[in-house]
Structure formats: structure tokens, C-alpha cells
Amino acid sequence: MLNLYFDNNAVRRHNIEQWLLKHNILFQSYTIDELTQADLLRFFTKTEDCFSFLKRTSWHYKLDNKTTMKSFVDTILMDKKKYLDLPLLETDSHILSNIWVDDLSQFLTRQQKEYERKALLRKANEISLGRTFWNNVSFYRSKANIRYLTLYQNIFKLTHTVETTTMDFNRFCNKLKKYRSLLLLPPQNCIEAMADIFEVDINEFFEEKDTDIFTVQMS
């Protein structure tokens, strides 16, 4: 079980909590106002250097031999946001400070890490395939000397057999633009429509071509 102590950065808290929920990692969230003296003293026992989870504003106390531990703790508790490097994350044995979503992958199991690695590889392969696809679409579009709007209109006609409206077409165009900008493959029926329009085999869209032959136009 992880314990997290947050300040008033709602976006950061939301992102961290959603990531933990998505990966089925047990945690309990607290606001910094809920952090007690007992919590702080417990944190001290889980680190060799308590200043590791404190901000630089507290570092002058490192050389202060006059301040007692009790006074030091009281000072932190009186202004937690000034001294604590939030958000804090407490495990069974450690305290981590200034936590971001990128820091959370260490809490994944080996199986989850392998799954995440494969998911990243799949995503990379999809983007690579999407880039090749849209590069070839750009090549055939330039070769046919038609604008993207005209291409979208032709695809729309081939993929929509029921009565449609201008709003339907605009939504369709926006979806294709998003696929193209993110280098994602569009639906299969759109790919088949493009093959018909350019009079090529579908496989032609996924074959690497000599990039010196054409200039990729993604805009």
C-alpha cells in the first residue's frame, strides 16, 4: 500500500491517482493538512537523511546545532507547504518526494513492466506503419494532383452509402486529419477507398519507397 500526501495541485494529483488506478496499485491519498506529527516522525525513520524529502528552504537547519528535533518538527508542521517537497509518497520502507507520474513505474510488478514494454513496442510499430502509410498517401495524392479535401470527399462518398449531412462530412474530415497528424492508420474501409481512388493495391501503402522521389506533405 502506498500513501500519498498532496498539496493543492489538483491536476498533478489527478494524473498520479489515475495512473495508479489504471495499473491496479493500492494507495491511499491524503491532503497535506492531514499530515500529523506522528506521520512526520515516521517519515524520519524511513530515510537516512530527512532533508531528502524537504525543500531547500529547510537546508540551513543542517548546520544548526541549536534547534532541537522537536522545534524542527514543529517548524515544518507550522508551514508544511514551505518545507515539504510535495507530493510525498510513502512505501513500507522509503519516502519519495516531488513525485510525478514518470516516477511510478518502479511500483509495477515484473509482469506489468513486461506488458508495458510490449505495449510501447506495439505503439512504436503502429506509428512506424502509420508514417509509412501516410507518406505513401502523400506520394499518390501528389502524383494524382488532388488536394486533401478532394481526397476526403472521394473517400467519404465511397464509405458512406446512407444519407449524410455537411456536419457528417466535417466530422469525417476531422477524424482523418487526426489520424494523419498522429500517424495512425485510418479504418480499413477508408484504406480500401484510397486504394480504389489511386488505383493501387492496398499493400502499396505499406511499402517503403525512396524518399528522394517525393517530398512528404503532412500539412
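This is a predicted model: local features need pLDDT of at least 70, side-chain atom pairs count only at pLDDT 80 or more; totals for chains, interfaces and linings use all residues.
**Stop 1**

Select asparagine 24, which sits in the loop between α1 (10–22) and β2 (27–31). Its phi is near 55°, a positive value in a residue other than glycine. With a relative accessible area of 68%, asparagine 24 is exposed.

**Stop 2**

Next select aspartate 39 and arginine 42. Both belong to helix α2 (residues 37–45), where they are three residues apart, about one turn of the helix. The two form a salt bridge, and the closest N and O atoms are 3.0 Å apart. Aspartate 39 counts as buried because its relative accessibility is 12%, under the 20% limit. Arginine 42, at 28% relative accessibility, counts as partly exposed.

Is glutamate 90 buried or exposed? It is buried, with a relative accessible area of 2%.

**Stop 3**

A cis peptide bond joins leucine 86 to proline 87, with omega about -10°. Proline 87 lies in the loop between α4 (80–83) and β3.

**Stop 4: the α6 and α7 pair**

Show helix α6 (residues 148–159) together with helix α7 (residues 166–181). They pack at an angle of about 115°, and their axes are 10 Å apart. The crossing is right-handed. To see the contact, select Tyr148, Leu149, Tyr152, Gln153, Ile155, Phe156 and Thr159 on the α6 side; on the α7 side, select Asp168, Phe169, Phe172, Cys173, Leu176, Lys177 and Arg180.

Within α7, select aspartate 168 and arginine 171. Their side chains meet in a salt bridge, 2.7 Å from N to O. Aspartate 168 and arginine 171 are separated by about one helical turn, because they are three residues apart in helix α7. Aspartate 168 is partly exposed at 24% relative accessibility, and arginine 171 is also partly exposed, with a relative accessible area of 43%. Elsewhere, salt bridges that share partners join Asp39, Arg42, Lys46 and Glu90 into one network. How many salt bridges does a search of the whole structure find? It finds six.

**Stop 5: the largest nonpolar core**

Select Phe133, Val137, Leu151, Ile155, Met194, Phe198 and Phe205. These are the residues with the most contacts inside the largest nonpolar core, which has 23 residues. Helices α5, α6, α7 and α8 (188–198) each supply at least two residues of this core. Which helix gives the largest share? That is α8, with six residues. Another core, of 19 residues, lies apart from this one; Leu40, Leu54, Ile76 and Leu88 are among its members.

Now show α8 by itself and select Cys190, Ile191, Ala193, Met194, Ala195 and Phe198, which are buried.

**Stop 6: phenylalanine 205 and threonine 132**

Centre on phenylalanine 205. Leaving out residues up to four places away in sequence, phenylalanine 205 touches Thr132, Phe133, Asn136, Val137, Tyr140, Ile191, Met194, Ala195, Phe198 and Val200.

Threonine 132 is in helix α5 (residues 110–144). Apart from its neighbours within four places in sequence, threonine 132 is in contact with Phe205, Phe206, Glu207 and Glu208. Its relative accessibility is 7%, so threonine 132 counts as buried.

**Stop 7**

Finish at glutamate 199, in the segment after α8. Glutamate 199 has a positive phi of about 55° although it is not a glycine. At a relative accessible area of 73%, glutamate 199 is exposed.

Methods. Residues are numbered from 1 along each chain as its sequence is written. Side-chain values use heavy atoms; hydrogens and water are left out. Helices (H or I, at least four residues) and strands (E, at least two) are DSSP runs, numbered from the N terminus. Buried means under 20% relative accessible area, exposed over 50%, partly exposed in between (1.4 Å probe, protein chains only). Contact means heavy atoms within 4.5 Å. Axes are lines fitted to C-alpha atoms, for helices over the stretch in contact, and angles run from 0 to 180 degrees between N-to-C directions. A crossing is left-handed if the near helix is turned anticlockwise from the far one by less than a right angle, and right-handed if clockwise. A salt bridge is a side-chain nitrogen of Lys or Arg within 4 Å of a carboxyl oxygen of Asp or Glu. A nonpolar core is a set of buried Ala, Val, Leu, Ile, Met, Phe, Trp, Tyr and Cys residues joined through side-chain atoms within 4.5 Å.
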